[in-house]
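Reader: I would like to learn how to read salt bridges in a protein structure. Please put it up and take me through some cases.

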Amino acid sequence: MSSSMIENVQHTHLLVENEGAIIRTWSRGNGPLLILIPGGGGTGECFNKAMPGLSRYYTVVAYDRRGNGQSTVEKPRVLNPLESARDIVAIVKAMGRTKAFLFGTSSGGIFALQVAQSYPQYVDGVVLHEVPIVSILPEEHIKRVDSGYDVFQTYLEKGAEAALRAFRASVSGTPVEPAPADRPTDPNAPPHRLEYFFKYEFIIFMTYTPNMSAVKANGVPVVTVEGIGSKGVFHAVSAKIQSDILGCRHVVWSGAHAPFIEDAEIFGDDLHKTILMLQT
């Protein structure tokens, strides 16, 4: 693992080399280390508006996950949660720290759990926000497992754009119009992002289950979170079940599945208050 550092007015940019990847990170502030872990799509820009407020209390780090955004890999390959957890450990070390608080949103929470399971000595505490672990859902929600495989089959047969539409329909339950597979969902997004997500990451996110009993045994402080706007949605249901398995507190925040975008200031306040809960 090695790193190089460049500074600008707002952020300190750090490139962290680990296991065939160069991970782009950026940070600001002083205080305990807080790493913000993105979910599907894999880029940390979603946290940028929240970073100034959080930097009043923390050295806050955002990053692009390996193979996403501006983080590169020598050879793209299927997502390995343990490898991605070691990327987070590498960031902790590159920042000159021994431990960090981890915030994992959506599928990014899988990596936070994996670090707490496999490398707990590097973790001060974990906040899990609506992590969609579908294997633990009750019977009325377990169809999420089947729909995940159906979406992946759609990707194999019709491509990434069709798979994205199928996934959105499966979440909302509302039929969507088919579209040409080569039409970009976001014209400003890197052209590889959607393809990379479905080819290398999606099916792992839908099927992988970290060992939460091991996390509990490791004694890592955890709080699970759902947004008030997500009530009844499968990822919010899963969050509450995770708290039961982990034996940890479960809290309800403002907003829904992307509070850092919906209202970054409120999100920052909610996250800070929740991290304080980890320390009591």
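Reader: Are Asp 87 and Arg 66 buried or exposed?

Author: Keep in mind that this is a predicted model. Asp 87 and Arg 66 are both buried.

Reader: What brings the side chains of Asp 87 and Arg 66 together?

Author: The general idea comes before the case. Side chains of opposite charge can pair when their charged atoms come close. Here the side chains of Asp 87 and Arg 66 form a salt bridge, with 2.7 Å from N to O. This pair connects distant parts of the chain: Asp 87 sits in helix H2 (residues 81-94), while Arg 66 sits in the loop between S5 and strand S6 (72-73), 21 residues apart.

Reader: Which residues are linked with Asp 87 and Arg 66 in a network of salt bridges?

Author: Arg 77 and Glu 83 belong to the network along with Arg 66 and Asp 87. Glu 83 is placed in helix H2. Its relative accessibility is 3%, and under 20% counts as buried, so Glu 83 is buried.

Reader: What does Glu 83 touch, leaving out residues up to four places away in sequence?

Author: Glu 83 touches Glu 19, Arg 66 and Arg 77. The side chains of Glu 83 and Arg 66 are also joined by a polar contact of 3.4 Å. Distance in sequence and distance in space should be read separately. Glu 83 and Asn 18 are 65 residues apart in sequence, and their C-alpha atoms are 9.1 Å apart in space.

Reader: How many salt bridges does the structure hold?

Author: There are 10 salt bridges in the structure. One of them pairs Glu 45 with Arg 24, with 2.9 Å between the closest N and O atoms. Glu 45 is partly exposed at 36% relative accessible area, whereas Arg 24 is buried at 14%.

Reader: Where in the chain are Arg 56 and Asp 269?

Author: Arg 56 is in the loop between H1 and strand S5 (59-63), and Asp 269 is in helix H10 (residues 264-278). They are 213 residues apart, and the pair links distant parts of the chain. Their side chains meet in a salt bridge of 3.9 Å, N to O.

Reader: What is the relative accessibility of Asp 269?

Author: Asp 269 has 31% and counts as partly exposed. Arg 56, with a relative accessible area of 56%, is exposed.

Technical notes. Residues are numbered from 1 along each chain as its sequence is written. This is a predicted model: local features need pLDDT of at least 70, side-chain atom pairs count only at pLDDT 80 or more; totals for chains, interfaces and linings use all residues. Side-chain values use heavy atoms; hydrogens and water are left out. A salt bridge is a side-chain nitrogen of Lys or Arg within 4 Å of a carboxyl oxygen of Asp or Glu. Buried means under 20% relative accessible area, exposed over 50%, partly exposed in between (1.4 Å probe, protein chains only). Helices (H or I, at least four residues) and strands (E, at least two) are DSSP runs, numbered from the N terminus. Contact means heavy atoms within 4.5 Å. A polar contact is a pair of N or O atoms within 3.5 Å; within protein, one must be able to donate a hydrogen and the other to accept it, and residues adjacent in sequence count only if both atoms are side-chain atoms.
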